[in-house]
Amino acid sequence: MSQLNALIDPLLTEELRQDVLAWRSHIHQHPELSFEEHETAAYIEAELRAMGYDDVVSPTPTSRIATLHGGKDPGRTIALRADIDALPVEEAEGLACRSVVPGVSHVCGHDAHAAMLLGTAKLLLALKDEIPGTVKFFFQHAEEQAPGGAAEMVKAGVLEGVDACVGLHVMNDPIGLVRVTTTPAVTTTCDEITVTIKGRGTHGSMPHAGVDPILVGAEMVLAMHTIVSRNLPPGRFAVVSPTIFQAGNAVNVIPDTAKIGVNFRTKSEEDRDFLFERIETVARSVAAVHGAEVDIHAVRGCAATIQDPAMIERALRVAKEVMPADKVGTGNGMTGSEDFSAFAQKVPSVYLILGGGTAEEGYPYANHHPAFRPDEGCFMEGVRIEAAMAIDFLMRP
């Protein structure tokens, strides 16, 4: 048995497992949207104080941080982060432990993240006398709404004195598998542009008398779909996705205006800047050809999460030490985005993927689907790897 497992395994008890399940069940049934997590944050604080944490603060109105001061000589400080907000999605019928809030649900897994971090906080509290240094538990609000709650927390000064940060996300992967992304970029940027096309409306029988914003928009959408394939080399991830096309309200009228919404993502700031410029250029150029005008509104969302190489190496070593060999994996990261990037921009960080089940294991629905549900069997493995990362970082500099 490894040194880490010798410390952690005796504390991964059935009582702790039941606690984690209860925490997850309560948070799941009472979801709150981004920036509205007042009851969720209050519940988390109450549970932390009941464990014995008296150092619990609110850096923003709907986030909480608990701090564990180790009983040995002062050392380094590591932060463990869980997001706590829900999505504006009506959860599928027939699921156990279903949301009681109409139109709001934890179908991204943040309920599990929060419950696992509460479990980690309880486990590490039992090891307080063994730990040199400090562990901070970040219960972060508003991950789902750009630019995200992490940036607010950073602005509030939560990373002052923090030496490293660890994030974890449950996703479709074999149950209990811990996946370490071995490339620096583990998530993508997330940005958007809205193009309002101003044409000239006319009767549907006389298109020559107007400027058709639907035709203009259609050409824009087709042109935008060539931006990546005709400008970026294979192997450099980027995606441009027109996701909104709105126009007209009468079948015999060519409207005055149309609106296109475009979501785009990449893994480098250079390509990010290029996509902003090229999408706008395409929109203005296509509009000019047809004699239309455009208003363009750009929103810069979260950056890509760039991991620290030493933290990647540490995470892979720790995972191999505390997990069975078939429960450790590597990969090239996600195509989705995460505002954990705000922490990773400031301190050395690593972002782990925890398997919540695959289609073959009976879990066919991915995050954000109304029927998404991770297997409860992965939760204690999340506690195990979070605790192991904290202990390893503090006890093995």
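This is a predicted model: local features need pLDDT of at least 70, side-chain atom pairs count only at pLDDT 80 or more; totals for chains, interfaces and linings use all residues.
Visitor: Why is Arg179 called partly exposed?

Guide: The relative accessibility of Arg179 is 23%. Buried would need under 20% and exposed over 50%, so Arg179 counts as partly exposed.

Visitor: Where is Arg179 found, and what does it touch?

Guide: Arg179 belongs to strand S6. Leaving aside residues up to four places away in sequence, Arg179 touches Asp173, Gly329, Thr330, Gly331, Leu352 and Ile353. Take Ile353: it is 174 residues from Arg179 in sequence, but their C-alpha atoms are 5.0 Å apart in space.

Visitor: What makes S6 and S13 a pair of strands?

Guide: Two strands pair if there are at least two bridges between them. S6 (residues 178-181) and S13 have four bridges and run in the parallel sense, so they pass that test. Arg179 stands opposite Gly329 in S13. S6 also pairs with strand S14 (residues 349-355), in the antiparallel sense over three bridges. There, Val178 has Leu354 in S14 as its bridge partner.

Visitor: What makes S13 an edge strand?

Guide: S13 (328-331) pairs on one side only, and S1 does likewise. They end an open sheet of eight strands, in the order S1-S2-S4-S3-S5-S14-S6-S13, with mixed pairing.

Visitor: How do you know that the buried residues of H2 line one face of the helix?

Guide: Leu16, Val20, Leu21, Trp23, Arg24, Ile27 and His28 are the buried residues of H2. Seen down the axis of H2, they fall within an arc of 160°, so they line one face. An α-helix has 3.6 residues a turn, so residues three or four places apart point the same way. What covers the buried residues of H2 includes helices H3 (38-51), H4 (110-126) and H10 (379-395).

Visitor: How do you know that the span of H2 is close to the expected one?

Guide: H2 (residues 14-29) has 16 residues and reaches 22 Å from its first C-alpha to its last, and the expected value at 1.5 Å a residue is 22 Å too.

Visitor: Why is the pair of Tyr53 and Phe137 called edge-to-face?

Guide: Ring centres must lie within 6.5 Å to pair, and planes over 60 degrees apart count as edge-to-face. Tyr53 and Phe137 have 5.7 Å between centres and 80° between planes, so both conditions hold. Tyr53 sits in the loop between H3 and strand S1 and Phe137 in strand S4, 84 residues apart. Both residues are buried.

Visitor: Why is the pair of Phe138 and Phe343 called tilted instead?

Guide: The planes of Phe138 and Phe343 are 50° apart, with 5.5 Å between the centres. Under 30 degrees would be stacked and over 60 edge-to-face, so this pair is tilted. Phe138 is in strand S4 and Phe343 in helix H9 (residues 341-344), 205 residues apart.

Visitor: What makes Phe138 and Phe343 buried?

Guide: Phe138 has a relative accessible area of 0%, and Phe343 also stands at 0%. Buried means under 20%, so both qualify. Together with Phe340 and Tyr351, they form one aromatic cluster.

Definitions and conventions
Residues are numbered from 1 along each chain as its sequence is written. Side-chain values use heavy atoms; hydrogens and water are left out. Helices (H or I, at least four residues) and strands (E, at least two) are DSSP runs, numbered from the N terminus. The expected span of a helix is 1.5 Å times one less than its number of residues. Buried means under 20% relative accessible area, exposed over 50%, partly exposed in between (1.4 Å probe, protein chains only). The arc is that of the directions from the helix axis to the C-beta atoms. Contact means heavy atoms within 4.5 Å. Rings of Phe, Tyr and Trp (its six-membered ring) pair if their centres lie within 6.5 Å; planes under 30 degrees apart count as stacked, over 60 as edge-to-face and the rest as tilted.
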